[in-house]
Each structure stands twice: as structure tokens, then as C-alpha cells.
There are 2 protein chains.
Amino acid sequence: MTTSLLDTLGVTVPSTVPTHWYNLAADLPSPCPPALHPGTREPLTPPDLAPLFPMALIMQEVSTERWIEIPEPVREIYALWRPSPLIRARRLERALGTRARIYYKYEGVSPVGSHKPNTAVAQAYYNAAEGITKLTTETGAGQWGASLAMACALLGLTCEVWQVRASYDSKPYRRMQMETYGSICHPSPSDLTNAGRAMLEADPETTGSLGMAISEAVEAAATDPDAHYSLGSVLNHVLLHQSVIGQEALAQLDAIEESADVVFACAGGGSNLGGLSFPFLGRNLRDGATTRVVACEPAACPSLTQGEYRYDFGDVAGLTPLLKMHTLGKDFVPPPIHAGGLRYHGMAPMVSHAVELGLIDAIAVDQETAFAAGIEFARAEGIIPAPESTHAVAGAIAHARAATGPETIVIGLSGNGVLDLPAYHDFV
Amino acid sequence: MTTSLLDTLGVTVPSTVPTHWYNLAADLPSPCPPALHPGTREPLTPPDLAPLFPMALIMQEVSTERWIEIPEPVREIYALWRPSPLIRARRLERALGTRARIYYKYEGVSPVGSHKPNTAVAQAYYNAAEGITKLTTETGAGQWGASLAMACALLGLTCEVWQVRASYDSKPYRRMQMETYGSICHPSPSDLTNAGRAMLEADPETTGSLGMAISEAVEAAATDPDAHYSLGSVLNHVLLHQSVIGQEALAQLDAIEESADVVFACAGGGSNLGGLSFPFLGRNLRDGATTRVVACEPAACPSLTQGEYRYDFGDVAGLTPLLKMHTLGKDFVPPPIHAGGLRYHGMAPMVSHAVELGLIDAIAVDQETAFAAGIEFARAEGIIPAPESTHAVAGAIAHARAATGPETIVIGLSGNGVLDLPAYHDFV
């Protein structure tokens, strides 16, 4: 291997999987406001979370240590697709006629095609290590459910997923993926939980929502001593696990003596944005680097650019802890945009806090602009981005078109759009 | 980077894309019988092929040079997904309780999820370099059509694909992928060609076949001075381009001081099998290595294990050159198995010749066994193999279960099954 050859060819893959996750909490100038108990409104304590999560993840949730070691079995699985490539988008640069150098960090090489397995594998590992035999979760379009299903298959756990009925009925591929991995997938609301039965009684024709599915998955875990619950975004430990993305990107840029002027990442619950950007923010805070981070959210669900920063529930029913975050209100129902992974009323508290501190900027991108950017990217680079990722691509393309100098831009390409081709088809 | 760390984690990625393709013709103990003109039955000459292919590819088709340089722009695109990973299947080994060491060479990391772009990019490049502005091709399930569509988008060509109507109607995702890349996709037979109109007149309700689609794509190219035709398997130059797979696998095994005792690869038209195995055969022939190569074909379309070795046409209509190959007869209609990429009546002449010389063994795998192996692999390794690839997985699993010593097995995992999940669903 020579770095210069790789640079010539446009791809940088230093061949190491990070040994530690990076925790932004260690470097923040002020601490992130704590989650509150939904009953007492007092700060949550670790025992409050014990019915749902293993203690290792709870301690990560509240940790302020900068580096947390990645267990060897997790690294062994990461190595299936990590380090993910950082690719110079030379053909896109030429198509745009920009002087900017554009790189993208591509998470679509994972077996399910997105960044989600980075935390699914870690969560399954810690649960298995504490003797749990089953995980429950909710999923919307299905990327998270498929990722946890894969992780559970690899680590010997069973997995039960409640999928929003609208997606369960209309997008069967992800469900088939979960079942191929040996998981069970129910449409939500279901008649398997009290919460589900109550929702069906209230509206037998409901097509479900992520908030309803969360209630069912939480109830199923809380009432089964062998089961825990697993969440794919928002929480601190999820963002911690995703930090492998940004750490690798930094190392890959260092290897070719590049430094990022600006990083664009799509933002729904915040795990992709946090995973890519927090290691960059850490370097800004510790070493005085000046990388700008831009969160790209959908105009149809603009929590960062239009929401309030206040305590709110993570779910519709109000069963979860209260989180200090940018929120459109727990009852906000986003329109059915194609980027299902970005349809969340709130935002990860750590991301929200960083935005409040002025460490992250945010923009909203409308769906038409996002898909046009996705098609331009696909025809130049060959990879069809996930609808979620097209928001970051759109932000970066607009920035690159306006760039007057040789800036360095990094795009977080959180996944591929192979199972979202009907959305592209509608647009083409 | 340290090789030992990679070996610990189970993945070997020496970071170099090969600089040359490897041509088995240079090392064969006797030459491959030539293709014959369908009219004269005399050996084809390069000018006979000029209406359909650029001269660079025609010269590769008849070349006996051992190494043919890969143009820099092709290597730059290869670098999007190459070198593809060679992964130690530790969890599968444990699940099987085998003493064998199992590795898989994973081509599903390409933007379309299979090995097909390795030749699509090369073919688009040489056509563009000779001033051609459009390529035509046929496709069945759509993997090849999507690969050529991507390659044409990246190299500035337009692409027109005739897709077998049964697949066009029932499997829309690949068509959407072609259209997202900017290609045009017609159901075949169509009313756009004389061949198509004749077929529709003979049977207005026909669901089409690969042989019919070939006739349409060839006619469209032959009647347009700016267009050429492109084929995704069978021909020598296609197998040549795929040799990057086997060359990388050899280098990756060398880097961890392993040598393969046996290589399993699925075989339809022969491009995946040839691409992975020919560099191993070259080392056997030149250096006295003893790697055994096993072609794994579907029991439903068993050209190598049940076919005759004789001259036959590549298409149904008898328009193509005559090729000396293992064939079930050009009129053989394979049953509609899920591994659409293996439903071809013949076999690449170079593969057939190698089988006749005793350099390659062949086995037939039934569909049930193949899918069971695919599911076992997915639940152990996380990657859901393409239905085609499951044939190689099944061959390797049976071999590993019977292994009594520490053998080294390499599986050619030619693609992922993300767009084939309904087939898995039927099986689960």
C-alpha cells in the first residue's frame, strides 16, 4: 500500500478499525442537560434505565470519558465493512465545475447498506454479555430493524421488531431482510401488547407511527425478564458507537494530508450526524481546528431549524424519559417523505446541545432538491445515495457550486438507496 | 496498517487495485478452440466483430498475452469498490464445527452489488475511447443491465437495455436502477426492432427470453453507426476483465501467508467463475501450485455437468458466432429458478476448455440446498448472498463439513441478495 497511489485513484482506506469510541461529552465546554424521569421530572439515574438496557450501555449513556474501548468481538464484526471508504468525488467535482475538493465517507458498504449496524452490533454485544437473550425494537422504513436483526443473528440473540404498519405493508423488502436473519417482525400497532391493543381499539384502521411502535417494543421488553429494548438513534450511547465514522474519516484525511473545511451530514434522530461530526468537533475544541459542521435536515421535518429547544418526550405516548432537545412537539406528524429515516419530531440531545453552543450549523433541504442532488451524484459517482443521505449531498453540492477557492468538503453518505429505488423512480 | 491486525479481525484488504488483467490463454497447455463465423463456419477474424465491438476489446478477445494493462481511468473507477474484501468466515466456521479455514471474496461491495461492473466499466471505457456514444445490451433479472447503465453514466455514454419482459414486469427495482443512472430500458420483445416485431407477431403474449433480448440489442447496435453492443459474460474479454477478482484474492491470501486448497465459485455464463479462478489456475500451471477449482452450477441448468461439449450458438435465433462450449442446446429453456444470472444454456468457451483439460471440476447444486446454505451464511456472517452466489456457498459448506484437516477454502461471493429478498422470503 502507498497512500499516494490511493490518492491518485481517489479512495483512502487506511486499514485500521478504531480501537476506541470517541465521546464528545469529554470535550464540551458545558455539559449536556440530563434526561429527566417522566414521572418525577428529576434527572434520571442509572437504575431507572436498568429494566430496558444493560448496565454497560447505561454507563456509556452518562459517561464523560473521552475514549471508550471497543470490545474485540465488536471490532471483529465491524471489520466486515469497516473502515468504510473515504472517496474523492472527482467526477462530481468535474460535473459541478467546482474548485472545491469533495470527499464522501460511505457507510453503504455495511451488509444492510447503512450506518445503523455500527450501534446495532455494539448494543447486541453488551446485551448478550449480560445474559440477555432477546432484544425488542421498533422500526419505520426498516433500516434500523434490519440492522438489529443482523446484529442479533451474529451474536446469538433473538430479535423481535415492531414495524410501523404503513411501512410493513408497503415496503416488504426490509421485513424480508429481518426474517432472513431469523428475526420476527410484527406490524404495529399489534394485538400483542396492551399499548397496541389500546391503539387498535381507538382506531382499528390506524397505519401506525414510530411513536406507537416504540411503546409496543418498550412494553414487550419491560414485561419479559430475558429481554431488553434497543434504540437506533437519539441516545448518547448510540451516537458514541457511531463515532467510528468520524474517527476513520479524520484518520483517512490525515493520511492524505487533507483537512476538512466543512462537513455535511443528514440529520433525523442525529446518530449519523453525530457519528461523523463529533470527532471533528472534538478536534476543533481540543486542538483549535476549524472544521464547520452542517446538519442537513428535511424541510418537511425541520426540528433543528424550526423546532423549539426544550424538554420533550421521545415518543407519542409520553412513556420515555424527557429529553432536552430541538423538537417539533411529540404530536408532530411529519408528511410521508421518502427519507423515512429523517421523519422524527425531535433530535439527539447531544446534537441539540452542540447546536445551541454554536458548534453545529443547520440547514433544511426540500425533497425535490435532495433527489435532484441524489441523481446528480449517482450519475457522476456510481453510488445511488439513500434518500436520507441525499440531503447532505444537496447541501454539499450547493456549497461547492458557490465555492470560489480550493475548499475541502466532506459528505456523510450514510447509506445507499438500493431498497429506495421506487422513490427515485417517482422522481425520475 | 499491520497485516496481523487485519488477520485478527478477519478481513484482508491490501490496498492496491491490480494494474493489469490476467489472461489465462497465455498459460493454457493447449489453445481454446476459436469462435466460428455463423455463416462460413470458418474461424472468426477481428474485422468480423468490428460492427459490434471496439477494436481494443476485439484484440483482447483473441489475445494470448499474459498481462494486459488496465487503463488508469478504469482503475480510478474500480477504486470505488476495489480491492474488494477477502473475509475470514470465522463465525461460519464455528457454526459448521469445521477445522477448515473459510474465506470469502466479496464482490457485493460494488455500487450495484455484484461483480458485473468489473467488465462493464472496462467495456464502456474502450467504447468511449473509440468515439462510440451509445451501448446496447440485453439483461435478464437486471444485474448486468444495471451495471452497464452505471458504467455508461460514469463514462458519458448513453445506454439502451432490452430486458426480458417477464423480469421487466415482475422485478422493477433493477429497471429503476438503470433509469436512475439515466439509461433507457425496454421490455423485450419490443416493437423497436425487426427481431422484436417478428417475435411479437409469432406470439403476442410472449414473456421473452434472454436469447430474444440479445437479438434485439445486437440488431439495434448493428443498425446504428454510433452504437456498439456489450455482453456481460461468456466472451474471453469479459473473463479477462473479471480477473481482478482472483488476482486480488491471491494477493490477499499471500499477505496473510495462506494458500487456497480449494476455490468454489458459481457458474452461469462463466464470468464470475473465470474471474476468480483463472489467476489461481495460472499459478497452478506456471508455479506448480495445487489449488482445486470447483464450478458450482444450478441443478436446473447444468451445462457443465450434463451438457455436451460442442459448437453451439450463444443465442436462440442463431445470430451469434458459434462457440465451442458445454451446452444444453440453444433451445434449452431453464426453469424459472431464482438465480436468474445462472440461467444460460451454454458456458464461456474458456471455462469449458479448462474443464475439458481437467483444470476445473464441476458440481450441480439444487435450489433448496443453495438457499439453505445462503441463510446459514447470512445468519453467521451478516451478508445475505445473491441467489447465484449461494451455489458456491453450498458447495463450500458441504466440503467444509466433510473436511477432516485444516484446509483452506475460498468462496467467490459474487454479489449480495438485497434485491432478491422475495426469493429468500419464499424459502424462509
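Thr290(B) counts as exposed, with a relative accessibility of 67% (exposed means over 50% relative accessible area, buried under 20%, partly exposed in between, using a 1.4 Å probe and protein chains only). This is a predicted model, in which local features need pLDDT of at least 70, side-chain atom pairs count only at pLDDT 80 or more, and totals for chains, interfaces and linings use all residues. Residues are numbered from 1 along each chain as its sequence is written, chains are lettered from A in the order in which they are written, and side-chain values use heavy atoms, with hydrogens and water left out.

Back to that threonine. Thr290(B) sits in the loop between α13 (271–287) and β11 (292–298) of chain B; helices (H or I, at least four residues) and strands (E, at least two) are DSSP runs, numbered from the N terminus. Not counting residues up to four places away in sequence, Thr290(B) touches Asp261(B) and Asn284(B), where contact means heavy atoms within 4.5 Å. Asp261(B) is 29 residues away along the chain, yet the C-alpha atoms of Thr290(B) and Asp261(B) are separated by 7.0 Å.

Another loop residue, Ser63(B), is found between α3 (55–62) and β3 (67–69) of chain B. Its relative accessibility is 14%, so Ser63(B) counts as buried. A polar atom of the Ser63(B) side chain lies 3.0 Å from the backbone nitrogen of Glu65(B). Leaving aside neighbours within four places in sequence, Ser63(B) is in contact with Asn23(B), Ala25(B) and Ile68(B).

**Two helices of chain B**

Helix α16 of chain B covers residues 367–381, which makes 15 residues, and reaches 21 Å from its first C-alpha to its last, close to the 21 Å expected at 1.5 Å a residue. The expected span is 1.5 Å times one less than the number of residues in the helix. At the start of α16(B), a side-chain oxygen of Asp366(B) comes to within 3.2 Å of the backbone nitrogen of Glu368(B). Just after α16(B), Gly382(B) adopts a positive phi of about 95°. The buried residues of α16(B) include Ala370(B), Phe371(B), Ala373(B) and Gly374(B).

Those four also turn up in the surroundings of Thr390(B), which is in contact with Ala370(B), Phe371(B), Ala373(B), Gly374(B), Pro385(B) and Tyr424(B), leaving aside neighbours within four places in sequence. Thr390(B) belongs to helix α17 of chain B and counts as buried, at 0% relative accessibility. Helix α17(B) itself (residues 387–402) has 16 residues that should span 22 Å at 1.5 Å a residue, and its end C-alpha atoms are 23 Å apart, which agrees. Most of α17(B) is covered, with 13 of its 16 residues buried.

**Rings and sulfurs**

Over all chains, the structure holds 17 aromatic pairs. Rings of Phe, Tyr and Trp (its six-membered ring) pair if their centres lie within 6.5 Å; planes under 30 degrees apart count as stacked, over 60 as edge-to-face and the rest as tilted. Here are two of the pairs:

| Pair | Centre distance | Plane angle | Class |
|---|---|---|---|
| Tyr125(A) and Tyr126(A) | 5.3 Å | 70° | edge-to-face |
| Tyr78(B) and Trp81(B) | 6.1 Å | 65° | edge-to-face |

Tyr78(B) and Trp81(B) are both buried. Tyr126(A) is buried too, with a relative accessible area of 10%, and Trp21(A), Tyr125(A) and Tyr126(A) form one aromatic cluster.

How many disulfides are there over all chains? The count comes to zero, a disulfide being a pair of cysteine sulfur atoms within 2.5 Å. For Cys296(A), the closest cysteine sulfur is in Cys266(A), 7.8 Å away and too far for a bond; Cys296(A) is buried, with a relative accessible area of 0%. The sulfur of Cys185(B) is 9.1 Å from its closest cysteine sulfur, in Cys159(B), again too far for a bond, and Cys185(B) is buried at 7%.

**How the copies relate**

Two copies of a chain are related by a rotation about an axis and a shift along it. Here, a rotation of 180° with 0.0 Å of shift along its axis superposes chain B on chain A, with an RMSD of 0.0 Å (least squares on the C-alpha atoms of residues with pLDDT of at least 70 in both copies). The two copies are therefore related as by a two-fold rotation axis. In chain B, the C-alpha nearest the axis belongs to Val109(B), 2.9 Å from it. As for the interface, 100% of the interface residues of chain B are also interface residues in chain A, so the copies meet through the same surface.

How values were computed: A polar contact is a pair of N or O atoms within 3.5 Å; within protein, one must be able to donate a hydrogen and the other to accept it, and residues adjacent in sequence count only if both atoms are side-chain atoms.
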